Amino acid sequence: MKCDEVAPLLAADADGEVDSLRSHAIRKHVAGCAVCGPRQRALLELQQRLRAELPRHAAPAALRARLRSEHSPAAARPPAPELRWRWFGAGLLTGSLAAGLVWAASLALGPVGPGDDLSGRVVGRHTQATLGQHLVQVASSDQHRVKPWLSARLDYSIPVSDAAQAGFPLVGARIDRLDGRPVATLVYRRRDHVIDVFVRPDATAAGPPAVHAVRGFNVAAAKGADMEWLAVSDLRGAELEAFLQGLARGEVGPPPE
Amino acid sequence: MPEHAEFERRVLVHLDAGYNLARWLAHDARDAEDVVQDACLRALKYIGSLQGEDGRAWFLTIVRRAFYDWLARNRPALLLHDDESAVDALADEADGPEQALVRKTERLALVEAVAALPLIFREVIVLRELEQLSYKEIARIAEVPIGTVMSRLSRARRLLQASAPLRALDGRAEGREP
């Protein structure tokens, strides 16, 4: 292909709108062309930066709640389980300024509960999130929304998969702090149980400890994809561990693209 | 009430996408909420017409229409500025007005540069880069032919590439001050 054929197709190619045969021909031309090469690089760089830097505005929780109560037959059926805990927490906070202040203070002070070990700290994060209104900052079951949302806010990128097919639908994600660093927290649901999965670059050499209980919650750990994975939930220990192992090995849900 | 179950299952799951589009178009959080609220009312009304198709593209179409209606009611002057023919004229005339747009985006950071784009360019950028929709889907949502989607994307990108931080990446700018 020649420049005048390739130039008008560069954008469509970057947008994945060109069939593979032609895309191959474009790549071949671009590799050796001093005009189309920089043009293509500029396009791809712009695309990459837009996806990384443009904020995706998640709908405010209050708007979602309002729409749900206005347009759903709330009287006819109880709220879905994931709502029950979310709005239970929100109600507590907005209902009482004092409670809100205590909650804010507990956030500011960091870990709550006894013990300074990692398990105690992640359980603290889990209980804060499930009682407060910040269970998720991005509410989406779409891994293609959650992953870039996290990548834009962290200096590392993690594999994200919706595990709905395995019975663990993805609810969303948020950013927590662990050991003074921001960490990705994926939130899944299993029946009525909330599962927080903390994912960060693997910094420790020690093998993962077996699943154990902390203050009534189960904590599981796993390694995979160069990441350390920690799961907290009131789900049964064996089930939690099996789910986390599968997640860390990338064996649940559709393969990430 | 089956519509309500459908609304929950097929519309509310795309609330973030709808709100994000409204927010990028309207700029303001409160205005975006008004737009989304109106869009949800419409979605509920017409949900019977939603067959097997993708609920997200369908809902985004409604959000976009709700936004332009809101704009016509509340900021008619802005609509006038963004009129298609006015913007199309930019490219055809000599360099004048398009140069002015380039100058406008030139010194802005990328996010600000996107926010400063004329609406018809901003919406295709948001739908393409944040929602990662295909040309076909964008054409349907923006209610224009695919060729128009492509030319708008291309001009939007040209404007964004003129913003200062990107210029540093451009091969032509090598050796210049960052």
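User: What strand order does the open sheet of chain A have?

Analyst: General idea: strands of a sheet pair through backbone hydrogen bonds, either parallel or antiparallel. In this predicted model, the open sheet of chain A has seven strands in the order β1-β2-β3-β4-β7-β6-β5. The pairing is antiparallel.

User: Which strands stand at the edges?

Analyst: β1 (138–139) and β5 (212–214) of chain A. Each has a single partner strand, so one side of each is left without a neighbour in the sheet.

User: How many bridges join β6(A) to β7(A)?

Analyst: Seven bridges join strand β6 (residues 217–224) of chain A to strand β7 (residues 227–233) of chain A. The two run antiparallel. A221(A) stands opposite L230(A) in β7(A). G224(A) has M227(A) as its bridge partner.

User: Where is the positive phi in the hairpin of β6(A) and β7(A)?

Analyst: Look in the turn. Two residues lie between β6(A) and β7(A), and A225(A) there has a positive phi of about 55°.

User: And how many bridges pair β5(A) with β6(A)?

Analyst: Three, in the antiparallel sense. V214(A) stands opposite F217(A) in β6(A). This hairpin also has two residues between the strands, and R215(A) takes a positive phi near 45°.

User: Is β6(A) mostly covered or mostly open?

Analyst: In a regular strand the side chains alternate between the two faces of the sheet. Burial is then checked residue by residue. β6(A) is mostly covered, with six of its eight residues buried.

User: Which helices pack on the sheet?

Analyst: Helix α9 (residues 143–151) of chain A touches β1, β2 (170–178) and β3 (181–190) of chain A. The direction of α9 makes about 15° with that of β2(A). Helix α10 (residues 237–248) of chain A touches β4 (193–201), β6 and β7 of chain A. Its direction makes about 25° with that of β6(A).

User: Which residues touch the most other members of the largest nonpolar core?

Analyst: That core has 96 residues, and the answer is V197(A), W229(A), L244(A), A22(B) and V63(B). The largest share of the core, eight residues, comes from helix α2 (residues 15–26) of chain B.

User: What is V197(A) in contact with?

Analyst: Leave aside its neighbours within four places in sequence. V197(A) is then in contact with T185(A), L186(A), Y188(A), W229(A), A231(A), L244(A) and L247(A).

User: How many residues of chain A are in contact with chain B?

Analyst: 30 residues of chain A are in contact with 34 residues of chain B. On the chain A side, the elements giving two or more residues are α2 (10–14), α4 (36–53) and α5 (61–71). α4(A) gives the most, with 11 residues. By class, the chain A side divides into 14 nonpolar, six polar and 10 charged residues.

User: At what angle do α10(B) and α11(B) cross?

Analyst: The axes of α10 (residues 135–142) and α11 (residues 146–161) of chain B come within 8 Å and cross at roughly 100°. The two helices are therefore roughly perpendicular to each other. Y135(B), K136(B), I138(B), A139(B) and A142(B) in α10(B) meet I146(B), V149(B) and M150(B) in α11(B). This contact has seven nonpolar, no polar and one charged residues.

How values were computed
Residues are numbered from 1 along each chain as its sequence is written. Chains are lettered from A and ligands numbered from 1 in the order in which they are written. This is a predicted model: local features need pLDDT of at least 70, side-chain atom pairs count only at pLDDT 80 or more; totals for chains, interfaces and linings use all residues. Axes are lines fitted to C-alpha atoms, for helices over the stretch in contact, and angles run from 0 to 180 degrees between N-to-C directions. Helices (H or I, at least four residues) and strands (E, at least two) are DSSP runs, numbered from the N terminus. Angles under 35 degrees count as roughly parallel, over 145 as roughly antiparallel, 65 to 115 as roughly perpendicular and the rest as oblique. Two residues are in contact if their C-beta atoms, placed from the backbone, lie within 7 Å. Ala, Val, Leu, Ile, Met, Phe, Trp, Tyr, Cys and Pro count as nonpolar, Asp, Glu, Lys and Arg as charged, and the others, Gly among them, as polar. Two strands pair if DSSP finds at least two bridges between them. A residue is buried if 20 or more other C-beta atoms lie within 10 Å of its own, exposed if 12 or fewer, and partly exposed in between; C-beta atoms are placed from the backbone. A nonpolar core is a set of buried Ala, Val, Leu, Ile, Met, Phe, Trp, Tyr and Cys residues joined through C-beta atoms within 7 Å.
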